[in-house]
Amino acid sequence: MTEETPVATAEAGGSAEIAFQRRGALAEIALTRPKALNSLSLDMIRHMDPKLADWSGDGDVRAVLVRGEGEKAFCAGGDVRAVYDAGPADTDLRRRFFAEEYTLNRRIHACEKPYIALIDGITMGGGVGISVHGSHRVAGDRTMVAMPETAIGFFPDVGTTWVLSRLPGELGMYMALTGARLKAADALYTGMATHYVPSEQVPAVTDALASASFAGDARAAVDGVLADFAGDPGPAPLAEHREAIDRCFAAESVEGILAALDAEGSEWAASTAATLRQRSPSSMKVTFAAIRAAAGADFDSAIRTEYRLSQAMTARSDFFEGVRAVLVDKDNAPAWNPARLEDVTDAEIARCFEPLDVPDLTFAD
């Protein structure tokens, strides 16, 4: 199945934050901001998207692998701090950042070649966006997957309304509203990861992929390599609460979900309800509506809706207050406006989904 590992060859187009190389038929992307937990900047997006486009049309490239440098993170998210620092008046940055990030997410979704993300570390927000749409997501012992956007006055984006709406039962709605942090076993259980490999074996996986024979079916070749290394991460904690998740998070509104959790009477339900009551009420209602809508939409429609929502939500005070509380001052004490679910009107939520005063997101295929 394997041969001698090819010598790595650096490819043009990288920067101080992202690097590209080729080893035989394997093209590799390294996120090189370990001190920033490999957070995805606009500069990284602008290097990665055209490179992936080139590789998609290159017959000598049979598979693409993406990893993060350092031991802490694959990619801790998109660089929303830059949007925060620019302030609410900078609509141009908000439009460019999310349009270009979502275009990259769609390119990964549409990639016909095996796309392997080594998510052995923190994988949140934008990091989920550059991993979950690929064919293979390899979790390790350090994996922590989450979409925590309701904690910062935003919503799960980067194409994940489409993904989460398609997870088994109500696991996606649970993840979207709570921002639950999944380790390897839960990532596999939900489908956010496709394989588990012990962390100490992850470098060997990369070498084995680089030396694999891609003479036949490329996806079968990747499957074969990963099967050689895949292990069992143990039982998934979420499985214990699956029936309650499906029962409570199937409600017809966020208020209904909270009422169902309160009626459960378990310690898990009380803790989950307490978590929801700390999140932005507006973000939870937008998120609920977006997940339900995405369930009946194709990928392009869902991510176009996300683009509208990204512009609406980053113009609201909750986004700047949430980023301040979680990422800037780190006091974790946001003052949401409105502060109560009952004060967030249906009309207010509907406005977030309305067409923009600029063109909708378009894609050049």
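View 1. Seven strands make up an open sheet of mixed pairing, in the order β1-β2-β3-β4-β6-β8-β10. Each of β1 and β10 (195-196) has a single partner strand and stands at an edge, so one side of each is left without a neighbour in the sheet. Strands are DSSP runs (E, at least two residues) and helices are DSSP runs of H or I, at least four residues, numbered from the N terminus. Two strands pair if DSSP finds at least two bridges between them. The model is predicted: local features need pLDDT of at least 70, side-chain atom pairs count only at pLDDT 80 or more, and totals for chains, interfaces and linings use all residues. Residues are numbered from 1 along each chain as its sequence is written, and side-chain values use heavy atoms, with hydrogens and water left out.

**View 2. Strands β1 and β2.** β1 and β2 (residues 18-23) run antiparallel and are joined by two bridges. Thr9 has Arg22 in β2 as its bridge partner.

**View 3. Ala10 in β1.** Ala10 lies in strand β1 (residues 9-10). Its relative accessible area is 67%, so Ala10 is exposed (over 50%; buried is under 20%, partly exposed in between, with a 1.4 Å probe and protein chains only). Leaving aside neighbours within four places in sequence, Ala10 is in contact with Phe20 and Gln21 (heavy atoms within 4.5 Å). The C-alpha atoms of Ala10 and Gln21 are separated by 4.2 Å, although these residues are 11 residues apart along the chain.
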